[in-house]
Structure formats: structure tokens, C-alpha cells
Amino acid sequence: MKIAVIGGGNIGGVLIQEIVRRRLARYVSLVDVKGPDLSKGKCLDIAEGAPIISSDVVVEGAKEYDVIAGADLVINTAGVPRAARPDGTIPTREELLATNLKITDAVSEGISKFCPKAIVISIANPLDAIVYRLNMNLKPSRERLMGMAGVLDSSRYRYFVAKEAGVSLENVEAIVLGGHGDDMLPIRSACRIAGMPVEKFVTAEKLDAIEARTRQAGGEVVKLLGSGSAFVSPAWAALEMAEAIIYDKKKIMPVCTQLKGEYGVDGLFIGVPVVLGAKGIEKIIVMDLTEKEKEAFAKSIASVKKSSDEVLSVAK
Ligand code: APR
């Protein structure tokens, strides 16, 4: 098994480190275009420490994409964040999208050339748009391309619920559906504490507040950090998906996947519960939603449709 990580910034750094520490594959490689050779440096740092933790994983980083050759699983984090340019101006959302799609085209080229059969988990933002572009470029079977959002959003929801209820977070199960934007949908009816409905432990008002906080949780961390965005929890969330695939767990979790008629959606990438196993997305689960949840889901679908249309309009 070989895992390739694309983009060796904050998230990529945690991914490589954890893959080596958890011994998830015999080979792991990292590619990043940042100079002099960021990924080589990060991998050398980890390789030199590997004897201390007795992890005999072969870790290799490079600026060139051939380092990912033959990977079975790719995790993509390549992108640029929204930050001021050296001249002080801030790129518009559209400019940022165009830049990130260009990067995604380079990522796609690398995957097509060096590991066309790999299963791809993408983390880079804007999540829905980038997964949509990867799909346009790679045209993989539906099982093999997915985005990470729901596992992280659900984890945030679980954390807030556990704290409010005063119980172990191991007891809290939750699922967040939809796009990875402000209108994502924490599904209250699917939130359970030790198998019991969450409302038994937390009031409806508190749940409203928790759900609102979940939708804004990424921004909350961004504000506190001052620069950059959350990077440990997104990496762990992607590894939760990777482990389900590597160990053929058949684990159910919310994943951004292409719908083909399910939930009345055709062609868009939306976060829904799936079964993850060795083949990737092995099954899509259609949840029973209340009328109110259906309405909110439709809103989320509309914004994913908007960002997918934007991707189509940004020429290659
Ligand atoms: N190929 C490989 N790597 C690239 C490319 C490319 N064509 N273009 C940019 N990169 C690298 C950058 O050099 C940088 O090191 O991607 C890395 C991104 O790292 P960070 O800026 O530290 O971002 P990070 O916090 O890791 O988040 C990565 O995931 O959650 C999303 O919003 C987040 O889109 C961002 C992505």
C-alpha cells in the first residue's frame, strides 16, 4: 500500500506525520511545489525521527509529482488560502477560485500521469468546487473520488453536544449533511447519545445554538489563529476515511460524493452518508429526512449547484 499526500502545508504536514505514526502504509509520499523543497524537508524531518517511534514506513517528499507514482490512495490538500498579496490587496472569491482550480488542474495532471487508479480523498477548499473539478478532469468511477467535510463537521457537532450534555464524546453519534458551507445540515434526528435521542440530554434551544456554531466552526478557528485555518481536525477526519478504506471497514460516515439520482440530485457532489471500504464509496445511504430537513437540504444543494456552475464557467 502506498499513500500519496498532495500539498505539504499545515494539513499535509499532519497527514504525513500521522500516517507514519499509525503505520497506515508501507510507503508514503508527499508532493508540494513550494521551494526550496518543502516536502522533502518535512519528510526528512519525519524520517529522521522514525527510529525513535520504531516506525519503518518509507517516507519520501519531492517537488516533482513522480514521487506519487503507483499510489493506491491520494489525499489532496493543495491550494492557496485567502490572504493579502504582497501589495496589500486581497483577491476576490472568484480570483481565489480561479487560482485554486488551476492548482487542481495541476494536481489532476499528476494523478492521471502517475497513479490513475488511486482512490482520491480531497480536502482542499472550496471543497465542493474542487471535488467537482477533479471529477471533470479525472473522470474516475464514482467509488474512487470523494471529498472530506462531513466527518469533520460531524466531529465538531459531536464535540459541542458532548460538552453541553456533560457526557463522554465517545457516547455521541452525529451526522452532518450537505455542502461544506454555511448551510450544511446537522441532522438532529440522527444525533444520539448512547443510542438515545439527543433531546433527552440537551434542550432544543441549546441544540439550535450548537448547530449554528457547527456551521460557523471553521471560521471560529480561523479567527482565533489569525492566519491559516484548522489543520489537525481536518487531517484526522481525512484519516478516518482513509482507515476505513485501507482496512476495508465498511464504515458509515458522511462523505462528499457524486449523487446520481439519490436525494433527487443528479451529478453534483454533496455530503451524504456512505459505506466506505476497500473499493472506496461502496454504497450511498439515503436517509429519511423530515420536511424541515428536506427544505434545508434543498437550500444546501442550491448553493453547491451555484459553486459547481462557477467551476464550469472558469475556463481550463
Ligand atoms: N501541487 C502541490 N502542492 C501545491 C500546489 C500544487 N500545484 N499548489 C499549492 N500547493 C501547496 C502549497 O505550496 C501549500 O504548501 O499546498 C499547500 C497548502 O498548504 P496550506 O496553505 O498550509 O493550507 P492547509 O492549512 O494545509 O489547507 C489546505 O485544505 O482545508 C483546506 O482551506 C484549506 O484549501 C486549504 C487546504
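Asp 56 and Arg 26 form a salt bridge, with their closest N and O atoms 3.9 Å apart. This pair links distant parts of the chain, since the two residues are 30 residues apart. Asp 56 sits in the loop between helix 2 (38-49) and strand 3 (58-62). Arg 26 sits in the loop between helix 1 and strand 2. Asp 56 is exposed, with a relative accessible area of 61%. Arg 26 counts as partly exposed, at 40% relative accessibility. Keep in mind that this is a predicted model.

## Salt bridges

How many salt bridges does the structure hold? The count is 15. Three of them are set out here.

| Salt bridge | N to O distance | Accessibility of the partners |
|---|---|---|
| Asp 56 and Arg 26 | 3.9 Å | Asp 56: 61%; Arg 26: 40% |
| Arg 22 and Glu 18 | 2.8 Å | Arg 22: 26%; Glu 18: 7% |
| Arg 156 and Asp 153 | 3.9 Å | Arg 156: 12%; Asp 153: 2% |

Take Arg 22 and Glu 18. Their side chains meet in a salt bridge, 2.8 Å from N to O. Both residues belong to helix 1 (residues 10-22). How far apart along the helix are they? They are 4 residues apart, so about one helical turn separates them. Is Glu 18 buried or exposed? Glu 18 counts as buried, because its relative accessibility is 7% and the cut-off for buried is under 20%. Arg 22, at 26%, counts as partly exposed.

Now move to helix 5 (residues 150-165). Arg 156 and Asp 153 both lie in this helix. They are 3 residues apart, which is about one turn of the helix. Their side chains meet in a salt bridge, with 3.9 Å from N to O. Arg 156 is buried, with a relative accessible area of 12%. Asp 153 is buried too, with a value of 2%.

Some salt bridges share partners. In this way Glu 18, Arg 21, Arg 22 and Glu 243 are joined into one network.

## Around the ligand

Which residues come nearest to the ligand? Of the 19 residues around the ligand, they are Asn 10, Ile 11, Asp 32, Tyr 65 and Asn 125. The shell divides into 11 nonpolar, 6 polar and 2 charged residues.

Some atom pairs can be named. A polar side-chain atom of Tyr 65 lies 2.6 Å from a nitrogen atom of the ligand. Asn 125 uses its backbone instead: one of its backbone N or O atoms lies 2.8 Å from a ligand oxygen atom. For Gly 79, a backbone N or O atom lies 3.5 Å from an oxygen atom of the ligand. How much of the ligand does the protein cover? On its own, the ligand has 720 Å² of accessible area, and the protein covers 86% of that.

Asn 10 counts as partly exposed, at 47% relative accessibility. Asn 10 and Pro 126 are 116 residues apart in sequence. In space, their C-alpha atoms are 16 Å apart.

## Two buried residues

Ser 29 has its place in strand 2 (residues 27-31). Is Ser 29 buried or exposed? Ser 29 is buried, with a relative accessible area of 1%. The C-alpha atoms of Ser 29 and Ile 68 are separated by 6.0 Å. Along the chain, these two residues are 39 residues apart.

Asn 137 lies in helix 4 (residues 127-138). Its relative accessible area is 16%, so Asn 137 is buried. Which residue does the Asn 137 side chain contact? Its partner is the side chain of Asp 105, in a polar contact of 2.8 Å.

## A nonpolar patch

The last stop is on the surface. Leu 225, Phe 231, Val 232 and Trp 236 form a nonpolar patch there. Together they have about 350 Å² of accessible area. Where is Phe 231 found? Phe 231 is in the loop between helix 7 (217-225) and helix 8 (232-246). Phe 231 is partly exposed, with a relative accessible area of 30%.

Technical notes
Residues numbered from 1 in each chain as written. Predicted model: local features only at pLDDT ≥ 70, side-chain atom pairs only at ≥ 80, totals over all residues. Heavy atoms only, no water. Near = heavy atom within 4 Å. Polar contact = N/O pair within 3.5 Å; in protein donor to acceptor, adjacent residues only side chain to side chain. Areas by Shrake-Rupley, 256 points an atom, 1.4 Å probe, with all protein chains shown as cover. Nonpolar A, V, L, I, M, F, W, Y, C, P; charged D, E, K, R; others polar. Patch = residues over 30% accessible without salt bridge, like charges linked within 9 Å, V, L, I, M, F, W, Y side chains within 5 Å. Salt bridge = Lys/Arg side-chain N within 4 Å of Asp/Glu carboxyl O. Buried < 20%, exposed > 50% of the residue type's maximum accessible area, 1.4 Å probe, protein only.
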